[in-house]
Amino acid sequence: MNRQQQEAAQILLKRVRDALQARGAKTIRQLGINFRCLDSYDGNRKLDKNELKVGLAENGVQLSWNEVEILFAAMDRDRSGHIDFDEFLVAIRGQLNPTRKAIVDQAFRKFDKTGDGYITADDLKGVYNTKLHPKVKNGQMTEQQVFDEFLVNFGDVDRNGQLTYQEWCDYYSAVSASVDNDEHFVLIMKMAWKL
């Protein structure tokens with residue numbers, strides 16, 4: 001997306017957020033109900049462009065096909081051609097607020113031992129113990145394969161063995177979108193990463 005499309009997408013997202021919030025969709029549960037209503041045609045837990053357009057119209061947001069294209073491109077973060085619930089939540093809830101971003105940054109710094117802006121398998125060694133992983137114990141995977149799988153699960157989209165700061169933040173934006181309370185999110189991060 002070029003800069004003009006990104007700006008247009010942000011304006012459209014604000015319209016959608018405002019409309020959904022005006023209808024009471026503020027909590028994760030309410031947004032989940034709203035998502036299922038949008039996905040009413042085939043129930044595959046993914047939205048295509050038509051479901052997005054019709055579903056938003058039913059919620060008071062009339063969009064042209066051009067606007068749907070722009071909004072869809074902004075929401076379909078993995079470029080799968082569908083919007084899943086996590087992508088929907090991140091788009092509607094937005095990015096990390098300052099409280100959540102601070103704890104996510106703290107966790108990233110803990111893992112990025114070399115300070116090069118990437119988390120690699122080497123950075124994880126000593127923080128994440130793979131020796132007791134069931135697949136290592138039974139010989140199905142090597143420790144390196146487990147580290148690589150860990151990185152992919154955290155958003156190593158290009159599978160280059162490095163998790164960038166942006167990939168880390170994108171992953172935690174999705175996690176954050178499903179936690180209503182800042183204090184609870186901070187506690188989850190502290191417990192998970194012993195911060």
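Biologist: How do the residues of the lining of the second largest pocket divide into nonpolar, polar and charged?
Modeller: The lining holds seven nonpolar, four polar and four charged residues. Here Ala, Val, Leu, Ile, Met, Phe, Trp, Tyr, Cys and Pro count as nonpolar, Asp, Glu, Lys and Arg as charged, and the others, Gly among them, as polar. Please note that this is a predicted model, in which local features need pLDDT of at least 70, side-chain atom pairs count only at pLDDT 80 or more, and totals for chains, interfaces and linings use all residues. Residues are numbered from 1 along each chain as its sequence is written, and side-chain values use heavy atoms, with hydrogens and water left out.

Biologist: Which lining residues lie nearest the centre of that pocket?
Modeller: Gln-10, Leu-13, Ala-74, Arg-77 and Gln-95 do, out of 15 lining residues. A pocket is an open set of points on a 1 Å grid over the protein atoms alone, where a 1.4 Å probe fits, with protein on both sides within 12 Å along at least five of seven lines; lining residues have an atom within 4 Å of a point.

Biologist: Which element gives the largest share of the lining?
Modeller: Helix α1 does, with five residues. The elements giving two or more residues are α1 (3-22), α4 (65-75) and α5 (85-93). Helices are DSSP runs (H or I, at least four residues), numbered from the N terminus.

Biologist: At what angle do the axes of α1 and α4 cross?
Modeller: They cross at roughly 95° and come within 9 Å; axes are lines fitted to C-alpha atoms, for helices over the stretch in contact, and angles run from 0 to 180 degrees between N-to-C directions. The two helices are therefore roughly perpendicular, a term for angles of 65 to 115 degrees.

Biologist: And what of α1 and α5, how do their axes cross?
Modeller: Those axes also come within 9 Å, crossing at roughly 95°. Leu-13, Val-16, Arg-17 and Leu-20 of α1 make the contact (heavy atoms within 4.5 Å) with Phe-88, Ala-91 and Ile-92 of α5. Six of these residues are nonpolar, none is polar and one is charged.

Biologist: Which residues of α5 meet α10?
Modeller: Leu-89, Val-90 and Arg-93 in α5 meet Ser-173, Ala-174 and Ala-177 in α10. This contact has four nonpolar residues, one polar and one charged.

Biologist: Changing topic, which helix has the lowest mean pLDDT?
Modeller: Helix α2 (residues 28-38) has the lowest, 71, whereas α6 (residues 98-111) has the highest, 94. The pLDDT is the predictor's confidence in each residue, from 0 to 100. For the protein, the mean is 83, and 95% of residues reach 70 or more. Where pLDDT is low, the predicted coordinates should not be read in detail.

Methods
Angles under 35 degrees count as roughly parallel, over 145 as roughly antiparallel, 65 to 115 as roughly perpendicular and the rest as oblique.
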